[in-house]
Amino acid sequence: MDTKPSHSNRRFRSVGIVALALLGVFAVVATACGKSSSSGSSSGGTVKAAWIYVGPINDGGWTQAHNAGREFVATQLGSKVQTTYKENVPEGPEVAQVINDLIKDGNKIIFATSYGYKEAMQAAAQANPTVKFEMATGDSITLGQTVPSNYNEYYGAGEDSLYVTGIAAGKATKNNTIGVSAPFPIPEVIRGINAFTLGAQSVNPAAKVNVVWTKTWFDPAVERQSAESLVSAGADTLFSHQDSPSAGEVAKANNLPWFGYDSDQSGSYSSVWQTAATYNWGPFELSEVNKVIDGTWKQNNYYGTIADNFTGLAQYGSTVAAATKSAMDAEVAKAKAGDAKAFGWYWGLADRQDQDGKTVITKGQTLTMKDLYTMSYFVKGISGSPKG
Amino acid sequence: MSINDNIFVVIMASAIFYGTPLVFASLGEVLAERSGVLNLGVEGMMLLGAVAAAWVSTNVGGPAFVVLPLAILAAMVAAALGAAIHAFLTITLRVNQIISGLALTIFAGAAGLSSYLAGIWHLGQSPVAHQFLRLDVFGLADAPVVGPILFHQTLLTYISWIFVLGASFYLFKTRMGLHLRAVGESPQTADSVGIPVVRYRYAHVIIGGSFAGIAGACFSLMIVPTWVDGMTAGQGWIALALVIFGFWRPDLMLVGAYLFGALSSLSLTLQARGFHISTAFLAALPYVMTIVVLVIASNASSRRQLGAPAALGKPYEREER
C-alpha cells in the first residue's frame with residue numbers, strides 16, 4: 001500500500017520480542033529462581049543450609065512437609081543458621097545448576113528432597129568435598145553403590161505407619177474390599193501397600209485390597225477418576241497414596257471411610273477422614289545441621305522410624321471408632337517400645353505369601369533396608385499387579 | 001451389582017464428567033483458530049481461570065447460586081486477560097503465534113502466575129466453599145443406563161452442551177460466523193469486503209480465552225475441587241489436539257472430548273475390575289489417536305479438506321495486500 005510497512009513492521013516486531021522477553025523473565029522470576037528466604041543474620045558464626053524442593057511449598061503434601069522441616073531447623077537454631085530454599089525445581093539437568101548456585105552462595109549443607117536429584121547430588125558431592133549433601137529418599141548407599149563420603153541419604157519407614165493405618169482400614173471395611181489408588185509400581189509404594197494390607201489382615205483376615213495404578217505423581221483428575229473406578233468395582237473403603245485430596249471428594253460423595261497419604265485432611269473431609277501416614281523431617285535435619293556446626297557430620301544412611309518420631313500418623317478422623325483408635329495406639333506403642341532403630345516389626349509375624357502363594361517372608365524373619373528397597377511383589381490378598 | 005455398575009455405564013458417565021473441561025477448552029480454541037489465531041496458551045489460561053474461580057468460591061460470601069456464577073465469571077475474565085495479551089502480541093505486534101502462546105502457558109501456568117496468585121491468596125488448604133455437584137435431573141439419576149450417563153452430571157456439563165450447540169450454530173448458521181470463517185480462511189479477502197479483520201480476531205481470541213477459563217473452573221470447582229498448583233495437568237494440550245481431532249467442528253470435538261475421557265477411565269476401570277492388561281498401552285491410546293490425526297492433518301491439502309482455517313497461524317498485515 002505504501003512504502004513504509006517494512007519499517008513499521010520491524011519496529012512492531014522488536015517491541016513484540018521485548019514484550020515476550022519480559023514475559024519470559026517474569027515467568028522465570030516467579031518460579032525456580034525467585035523464592036528464597038532466610039532467617040538469622042548472615043554474619044560470621046552462622047552456617048548456611050539450603051533445601052531443594054520439587055514442588056511448591058504450599059502443595060499440601062510432600063514439599064510442604066519438607067518445608068516444615070526447614071522451618072523447624074531455622075526456629076530451633078535461630079541465628080546459628082541461615083536457611084534458603086528453592087522450590088519447583090524440576091528433576092533434570094536444571095538441578096545441577098541450582099546446586100552449584102547454592103554452593104557458590106556459601107551453603108555448607110544441602111538437602112535435596114526428590115529422588116530424581118540423586119545423580120546431580122552425587123556429582124556435586126564429588127566436586128565439592130567441603131559441602132555436605134543430604135539426599136532424601138535416596139537408595140544408593142543401601143544398594144551398595146559407591147558414593148562420596150560427604151554424601152548422605154535419609155528417609156523413613158513410612159510403611160510402618162501404613163501398617164498401622166491398615167489396621168483401621170481392616171476394621172472400617174464392611175464388605176472386606178479396600179480400594180487403593182496408587183501412583184507408580186516402585187518398591188517404596190509396593191512395600192507401603194504390602195504393609196497396609198498386612199495391617200488390615202491382622203485384624204480382618206478376610207480383607208482384600210484392590211490396587212489401581214494412576215501412573216502419575218500428580219494429576220488430580222486422574223486421582224479422582226481412579227477412586228471412582230474402585231468404588232464402582234465394589235470398594236467400600238478408600239486409601240489414596242497420592243498427594244491431592246481429590247479422592248476425598250469421591251469418599252465424601254459416597255460416604256466411605258477415606259485414608260490419605262502424607263497430609264492431614266481431617267479438617268476438610270471430617271465426615272470421611274480416617275488417618276494418614278506422615279513424615280516428620282525436621283528433627284533429623286536439625287541434628288545433621290548441628291553436626292555440621294560442631295564438625296562431627298558423618299554419612300549415616302538414616303532410616304527414620306515411629307520410635308524416633310520420624311514417621312507417624314496424621315490426626316485420627318472423628319468417625320474412627322474408639323476401638324479402632326485404641327488398636328492403632330496400641331500398635332504405635334509397640335513400635336515405640338522397640339529400639340529406635342527398629343522398623344518393620346510386623347513383616348515376620350507369620351509366613352507371608354505373595355500373590356501366587358509362594359512364601360516370600362518366613363516367620364521370624366527381619367527385613368533389611370535392602371529387602372525393603374528392592375521389594376517387587378504384592379502379598380496375598382492384593383488384587384492388582386505389582387508391575388503396573 | 002445393578003446395571004448401573006456395568007462397566008460400559010461407568011465409563012460413559014465418567015467420560016462425560018471428565019470430558020467437560022475439554023469441551024469448554026477446545027470450544028474456546030476453535031473460536032480463536034477459526035479467526036486464524038493459534039493459541040497454545042490454553043493450559044495457562046485454564047490455570048488462570050481455575051485460580052480465579054477458586055478465589056471467588058473461597059472468599060466471596062453468599063449462597064451457592066450467587067457465588068458459583070461469580071466464580072465462573074471471574075474465571076472467564078482472568079483467562080480472557082491472558083488471551084488479551086496473546087491477542088495483542090500476535091494480532092497487533094504480529095509476534096509468532098506459537099512462541100507467544102507457549103510464553104503465555106509458561107507465564108500463567110504451573111509454577112507461574114497462577115501458582116504465585118494462589119500462594120499470596122493462600123488457596124488450596126481446603127476444598128472450595130462452593131462447588132458444582134452432580135445433579136439428579138428430573139429424578140432420573142438412578143434410571144437404568146441413561147441415568148448415570150445423562151441425568152447425573154453437574155450443571156457445567158449441561159452448560160457445555162448448550163455451548164456446543166450455540167457454537168455450531170454461530171459458526172455455520174450466522175452471518176458473523178460466516179465472517180469469522182472468512183477471516184480465518186483469507187483475511188485479505190475478508191478485509192476487502194469490509195469485514196474488520198483485527199476486531200474479529202481480537203474478539204474471538206479473547207472470548208475463546210474466557211471459555212478456557214471455564215474449563216479451568218471445571219477443575220477448581222467441580223473435579224478436584226480446590227486449588228492445587230498445576231492442577232490441569234496437561235489437559236490444555238489435549239484440548240488443542242481435540243480441535244484438530246474434531247476437524248474444527250464443535251460437535252465432533254464434543255465426541256472427541258468424551259472419547260478422551262472414556263479412554264482414561266477405561267484403563268482405571270479395567271484395573272479396578274481385575275483385568276490385568278498393560279495400563280501403559282491404554283494410557284497411551286489417546287495420544288496415539290492424536291498422533292494419527294496429526295499425521296493425517298499435517299499435509300496442507302488434507303488440512304483444508306478437514307476444515308483447518310487456511311490462514312491459521314499467519315499474522316495479517318494489511319499493507320501486504
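The legends below describe close-up views of a predicted model.

**View 1. The parallel sheet of chain A, with strands in the order E2-E1-E3-E4-E5-E11.** Six strands make up this open sheet of chain A, and their pairing is parallel. Strand E2 (81-86) and strand E11 (302-304) of chain A stand at its edges, where each has a single partner strand, so one side of each is left without a neighbour in the sheet. From one strand to the next, the twist averages 20°. Within this sheet, strand E4 (residues 132-136) and strand E5 (residues 151-156) of chain A are paired in the parallel sense over four bridges, and A:Ala136 is found opposite A:Tyr154 in E5(A).

**View 2. The mixed sheet of chain A, with strands in the order E12-E10-E9-E8-E6-E7-E15.** This open sheet of chain A is formed by seven strands, and the pairing is mixed. Its edges are strand E12 (311-313) and strand E15 (382-383) of chain A, and because each of these has a single partner strand, one side of each is left without a neighbour in the sheet. Strand E8 (residues 237-240) and strand E9 (residues 258-261) of chain A pair in the parallel sense over two bridges, with A:Phe239 placed opposite A:Phe259 in E9(A). Helix H7 (residues 220-232) of chain A lies across strand E6 (177-182), strand E7 (208-213) and E8 of chain A, and runs at about 160° to E6(A). As context for both sheet views, chain A has 11 helices and 15 strands, and 51% of its 388 residues count as buried.

**View 3. Packing of helix H1 (residues 7-34) of chain B against H10(B).** The axes of H1(B) and H10(B) are 8 Å apart, and the two helices pack at an angle of about 170°; they are therefore roughly antiparallel to each other. On the H1(B) side the contact includes B:Thr20, B:Pro21, B:Phe24 and B:Leu27, while the residues that they and others of H1(B) meet in H10(B) include B:His204, B:Phe211, B:Cys218 and B:Phe219. The residues of the contact of H1(B) with H10(B) divide into 14 nonpolar, five polar and two charged.

**View 4. The crossing of helix H3 (residues 64-92) of chain B with H10(B).** The axes of H3(B) and H10(B) come within 6 Å and cross at roughly 140°, which makes H3(B) oblique to H10(B). The crossing of these two helices is right-handed. By class, the contact of H3(B) with H10(B) has 20 nonpolar, seven polar and one charged residues.

**View 5. B:Val224 in the loop between helix H10 (197-223) and helix H11 (235-245) of chain B.** B:Val224 counts as buried because 27 other C-beta atoms lie within 10 Å. Leaving aside its neighbours within four places in sequence, B:Val224 is in contact with residues of both chains, namely A:Pro220, A:Ser244, A:Ser246, B:Phe219 and B:Met231. The C-alpha atoms of B:Val224 and B:Gln131 are separated by 9.5 Å, although these residues are 93 residues apart along the chain.

**View 6. Helix H11(B), which is mostly covered.** Of the 11 residues of H11(B), 10 are buried, among them B:Gln235, B:Ile238, B:Leu240, B:Val243 and B:Phe245. H11(B) is followed by B:Phe247, whose phi is positive, near 50°.

Note on methods:
Residues numbered from 1 in each chain as written. Chains lettered and ligands numbered in written order. Predicted model: local features only at pLDDT ≥ 70, side-chain atom pairs only at ≥ 80, totals over all residues. Buried ≥ 20, exposed ≤ 12 C-beta atoms within 10 Å, placed from the backbone. Contact = placed C-beta atoms within 7 Å. Pairing = 2+ DSSP bridges. Axes fitted to C-alpha atoms, helices over the stretch in contact; angles between N-to-C directions. Parallel < 35°, antiparallel > 145°, perpendicular 65-115°, else oblique. Nonpolar A, V, L, I, M, F, W, Y, C, P; charged D, E, K, R; others polar. Left-handed = near helix turned anticlockwise from the far one by under 90°.
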